[in-house]
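Visitor: I am new to reading structures, and I would like to know what stands behind the words that are used for them. Could we look at one together?

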Amino acid sequence: MARRRDRNFLGPSGTVLGIGEFWALTIAGFVLFFAVWSGVAASGWLPAHLLPSPLAVWDTLVRLWHNPFAGHVYAAHLAASVERFLMGWAIAVGIGIPLGLLMGWYRLLDEIVTPLFDAMRFVAPLAWVPLAALWFGTGIGGPLLIIFVGSFAPCVISAYRGARLVEPRLVEAAQTLGASSRQVITHVLIPGALPSIIAGLRVSAGLGWQSLVGSELIVVGAGLGYLMVQGQGNLNTSVVIAGMVGIGVVGFAIDVLLRAVEQTFKRRWGQG
Amino acid sequence: MSEIVFEGVTRRFPLPRGGEFLAIDRIDLRIEEKEFVAIVGPSGCGKTTLMRMAAGLDFPTDGRVLVGGKEVTGPGPERAVVFQQFALLPWKTVRQNIGFGLMCKGTPKAQADAAIAHYVELMGLAGHEDSFPHQLSGGMQQRVAIARAYVMQPAALLMDEPFGALDAQTRIVMQEELVRLARRNPRTVIFITHAVDEAIYLADRVVVMGRKPGRIIETIDIRPLREDGGWEAMPVEEVMDTPSFTHMRSRIWKLLKAREQERPAVPASNPAPVPAK
């Protein structure tokens, strides 16, 4: 986090916050959140089995870390989810980015695919769950399809936008230097679209990860979503919340990682 | 082998609300091998379109454009282009930008490196080989763009207001450098500009264009002036102060001005299109 030191943060009225104030406010937000949660849990308004206190969730997490629940320890559930996510996301990226770039390059493809795409994208990833279950049963295919559906659209859109935003003059300059279509694509179109693609990867990873629990509703075996469903079945609220914590933390980590990649590229090409 | 010939070239652009705009009307122009021709004219006279047609980035509606006796069908490295806004690839270093055309051509690495090093030296870019374009000033970026064109050893060099985006001082330095390069390494050059001074100083011949429709008003040979005046041995600002130079400048200005005034008022329903950049 050392990089944060050279940045400034805008306060509520546009005043610039120092690094110390930024972190103080961030921590204050979390402290407030946990205080309210603890307060409500301690007040007894809700029975403890429906709203466990933060400390109880922490205890559950520690317990899940060491003792298997729903067949596996917490880390194994986490790993199963991450693996599933990475596979589904990789397929979405592997198909979506090239498709988006080609749509940006070939007008005809754009006009064929875009209307189809616009019609499909309002079907939320969760709405694919029954279909995925019918097609793939409880195999790996179902979750992959749902994560794919969740992260595909931003891959296509970002690559498409990126390709369309590449200055025509750069393409012409490359052509006048003798570049073939392939060379124009690899040396001009892809690097030119890269900032947009990386921004799209961030969005698509976020959406793909969010589709995870939905995809794991139809899984028998392992995964954070599976853990939560089992916790729900056993009326064990703290297991459900422990699963949610894992989803949040991993999702945040993915975002931070991809944001760092994005910043690196922007700085390098002077677009930051 | 690299003379550029425009034969009855006409270019019409379709207008967005229907109809057509006549950008260039039946232009005949012949640029000899290793001749440096500057084209001056007001914006919208079609001078950039003319250059783009020689580059193979645009095509005539009627007529033909021939380079070295062959009709132009597309862009190619034997006709290098220097664009007004440099058009360097932002994700490539100075070295990679200059070497891009050689890489496309498949030039062996050792040979390419030697050629790049030569033009880095010649254009005063030593020490900046590994910089990215955004780390350089406008003048330096333009030198990279010129080096990138020269390194291809092109038969023809097409320059579209290459100094238009530079400040006055850098511009003068670049003009002198271009003259130096052009003498050492003569090429067939089309140099588009709207700066009359620059055209007279750099070119063998100046083509004066008018607009609506875009056409050639007059072609003026500058060579006798340069040779009689001994411009080669003088710095640019002194050349521009000589009586023969100032006389030529006012002659061209009058040409441009007279044509503007004799045009009838243009109906508002026929807007000039934005030339494709």
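Guide: Let us begin with a term: a crossing is left-handed if the near helix is turned anticlockwise from the far one by less than a right angle, and right-handed if clockwise. This is a predicted model, in which local features need pLDDT of at least 70, side-chain atom pairs count only at pLDDT 80 or more, and totals for chains, interfaces and linings use all residues. Residues are numbered from 1 along each chain as its sequence is written, while chains are lettered from A and ligands numbered from 1 in the order in which they are written.

Visitor: What is the handedness of the crossing of H5(A) and H6(A)?

Guide: The crossing of H5(A) and H6(A) is right-handed, so by the definition the near helix is turned clockwise from the far one. Helices are DSSP runs of H or I with at least four residues, numbered from the N terminus. The axes of H5(A), residues 129–136, and H6(A), residues 141–165, come within 8 Å and cross at roughly 145 degrees, where axes are lines fitted to C-alpha atoms over the stretch in contact and angles run from 0 to 180 degrees between N-to-C directions.

Visitor: Which residues of H5(A) and H6(A) make the contact?

Guide: Two residues are in contact if their C-beta atoms, placed from the backbone, lie within 7 Å. Among those making the contact are Trp135(A) of H5(A) and Leu145(A) of H6(A).

Visitor: How many residues of chain A are in contact with chain B?

Guide: There are 15 residues of chain A in contact with 22 residues of chain B, and H7(A) gives the most to that side of chain A, with six residues. The predictor gives the complex an ipTM of 0.82 and a pTM of 0.74.

Key. Helices (H or I, at least four residues) and strands (E, at least two) are DSSP runs, numbered from the N terminus.
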